[in-house]
Amino acid sequence: MFCEVYILDAPFSIDRAFDYAVPEGVTLIPGTLVKVPFGAANHRRDAIVTRVKETTDAKETKPVHTVLPDRYSLSEDMLGLCLFLKNYTLCTFGEAVRTVLPPGALSEKANIRYRRSYRLALSEEETKALLPALRSDGQKIVLEYLLPIGNADEELVRRLPGVTAAHLSALVKKGILALTSAETIRNPYGNFDGKRDTSEIRLSTAQTAAFETIESLLLSGEPRAALLYGVTGSGKTKVIMKAIDRTIEEGKRVIMLVPEISLTPQTVGIFCSRYGERVAVIHSMLSQGERLDAYRRIKAGDVDLVIGTRSAVFAPLPDLGMIVIDEEHEHTYKSENDPKYHARDVAAYRAGQSKALMLLASATPSVESFHKAKTGKYTLVPLRERYGGVGLPTAYVVDMREELKQGNTSPVSRRLLESLNLAYEREEQSILFLNRRGFHSQISCKSCGEVLLCPHCSVSLTHHKTKSGAKLLCHLCGYSAPVPKNCPSCGSENLSFLGFGTQKLETDLAAFLPDARILRMDADTTGQKMAYDKMLDDFRKEEYDVMLGTQMVTKGHDFPKVTLVGVLLADASLYVSDFRASERTFSLLTQVIGRAGRAGAGAAVIQTFNPENEIIRLACKQDYDTFYRGEIALRKELSYPPFCDMALLTVTSEDERVLFEETGRLRDLMEQKLVSDYAGIPFQVFGPFEAAIYKANEKYRLRLVVKCKLNADSRKFFRELLCLYAPKKNVTLAVDLNPLTV
């Protein structure tokens, strides 16, 4: 017997199946992980079996060296998913396998935790009869402890007063006790201490209509896709819960994706209270062992619902009935590392293979998804009113130019400060959003104009204050340095601290509202494991009056006591060279405004230096339909997605001269190949351009942008290009199909 395997660390140019002999007495099936000798030196390489066959065309085959435990082997469906990733994103098969498997699955150390326990090896009657004959008090203590319960963890037994290791060893030797060892599952969400929710989900008339549409798609027995489009606070979660209930009733299972780890605790709390131990959670803040154990539970069929961030879309659920992508517009669903997949594309593939439903949900859908819903590729399921008749928050736009004219140099406008005071006096909560962390956003010299830049990146250093003192930090590569007293360029002491971030906002708020309890939530305060969970839980328990932070405070949270939202620098994301800038700004503002007034009247204060901007005006009105009509017309006129596909080719090198040479050679190769082999395919090539951040961690980056139609032929072109283009040493080429930023 022979098998075809893919080497998991093979470079793109030799990423193909290799034939190996199956050793006598060994049974292999597709999806088995193995180690094989590879290359002239026969180095052992991790590989995966994709096919088993009786013959081979190879002149000589080496035997498979080792068969790895099957706890992380891939099913036929998951192998198909890896092949899809390879073809769809132009990654290697090995990169796809490592993405589908949890981190650590291929480690030599299995990372399995065992639970050791002592149990009585004799019957209760036999044990009681032995007790009087025992001379050792320690042995008697152990048996008296175990008699009512039968067995206990080794650690608990060893802690018994008067008991030593010698006592336990003697009881095992006599055959009175048995020491057992069993694999244990790590599940940080397994001890959910909330009340179980067994109540019937009651829906409004609008929600019922939405659910009935979704139910009909679920029960169709065919692959379907739907967009649940509802204004913020319309009760989309209740409809989703009802759909999950219905899916599980049908004997099917569900994956539910959320865009941020910060949303996980809220979502887990809702669904664990309903489905208990049948829920598994996957996100990057879990330990490697916890993610491995979650994978094993899912694969074994012990789970009905998987909740997690982007990578949870690969959960190996059998009998998959529905994949929910909540806040589907979020950029976090697109991976920036190989394979550069979008969770929505993977979900669509898996729904197609399993004849399942892909349910997207958002108050501000991506333009591409809403276009598909409008053109009938997705079923549009609207929810146009807030649940319970609650009105949308009233939005007030503050012109920060006027604030400056009137002498207010603080990041907080007078209207926002008054609103914060009023909310505090009413014992209500507030959320403030500022998409900049740190204290000051940059430091410059008033004498020579020099801005202090990171020595490794083409970005300014951010001023941070820490317990150990002030420092400058690069948010790109992590470089840090003490704050200088003099300008490094001209030696002047006349340094200017410009801009503000969440740290400075926190300091200013503490001065404005000295009695208010303020919680700052950004990358600097949420680094520890489960920090998100604790902070959000504390805010939900009303232990804080104001929560301020970066984008993690804007998305999907439901805090009934929040009546005020403030947005600082609302137009900061509008003026970037990206065709999605308007969409991203509209979505961000609409979502954060929607956090206010979920249980009653609410207000939002939007601070901007451009109050006349149409995007800001429409976001304040929560008018997605008007925004979409304008945006889709513009994209059609300029031929941007969804009316074309795009590919972003990035060439990277530490040597600028070599970078320009290699990028020019790449462009020439592309044009030659397009003329000779792909003349009939419409391609538009632009560039090369410098990347938005030209230098990152000592590496310079140039980009080519291609407008095209992604299909089998165009993907073949890019695949051949990756194989043909052999860049010089220390030069890399990356291809991102339909990137989120260009």
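Predicted model: local features only at pLDDT ≥ 70, side-chain atom pairs only at ≥ 80, totals over all residues.
Seven strands form an open sheet, paired in parallel and arranged in the order 11-12-10-13-14-9-15. The edges are formed by strand 11 (279-282) and strand 15 (379-383), each of which pairs on one side only. From one strand to the next, the twist averages 15 degrees.

One pairing may be followed in detail. Strand 13 (residues 320-326) lies parallel to strand 14 (residues 357-362), and five bridges connect the two. Met322 has Leu357 of strand 14 as its bridge partner.

Two helices pack on this sheet. Helix 7 (residues 205-218) touches strand 9 (224-230), strand 13, strand 14 and strand 15. The direction of helix 7 makes about 160 degrees with that of strand 15. Helix 8 (residues 236-249) touches strand 9, strand 10 (253-257), strand 12 (305-308), strand 13, strand 14 and strand 15. The direction of helix 8 makes about 170 degrees with that of strand 13.

**Salt bridges**

Side chains of opposite charge can pair when their charged atoms come close.

| Side chains | Distance, N to O |
|---|---|
| Lys334 and Asp736 | 2.7 Å |
| Asp522 and Arg520 | 3.0 Å |
| Glu614 and Arg617 | 2.6 Å |

The salt bridge between Lys334 and Asp736 links distant parts of the chain, for the two residues are 402 residues apart. Lys334 belongs to the loop between strand 13 and helix 11 (343-354), whereas Asp736 belongs to strand 30 (residues 731-737). Lys334 and Asp736 are both buried.

Asp522 and Arg520 also meet in a salt bridge. Are these two residues buried or exposed? Asp522 is buried, as is Arg520.

Where do Glu614 and Arg617 lie? Both belong to helix 18 (residues 614-620), and because they are three residues apart there, about one helical turn separates them. Glu614 has a relative accessible area of 38%, so this residue is partly exposed. Arg617 is likewise partly exposed, because its relative accessible area is 36%.

Salt bridges may also share partners, as the next group shows. Glu368, Arg580, Glu583, Glu631 and Arg635 are joined in this way into one network.

Notes:
Residues numbered from 1 in each chain as written. Heavy atoms only, no water. Pairing = 2+ DSSP bridges. Helix = DSSP H or I, 4+ residues; strand = E, 2+ residues; numbered from the N terminus. Axes fitted to C-alpha atoms, helices over the stretch in contact; angles between N-to-C directions. Contact = heavy atoms within 4.5 Å. Salt bridge = Lys/Arg side-chain N within 4 Å of Asp/Glu carboxyl O. Buried < 20%, exposed > 50% of the residue type's maximum accessible area, 1.4 Å probe, protein only.
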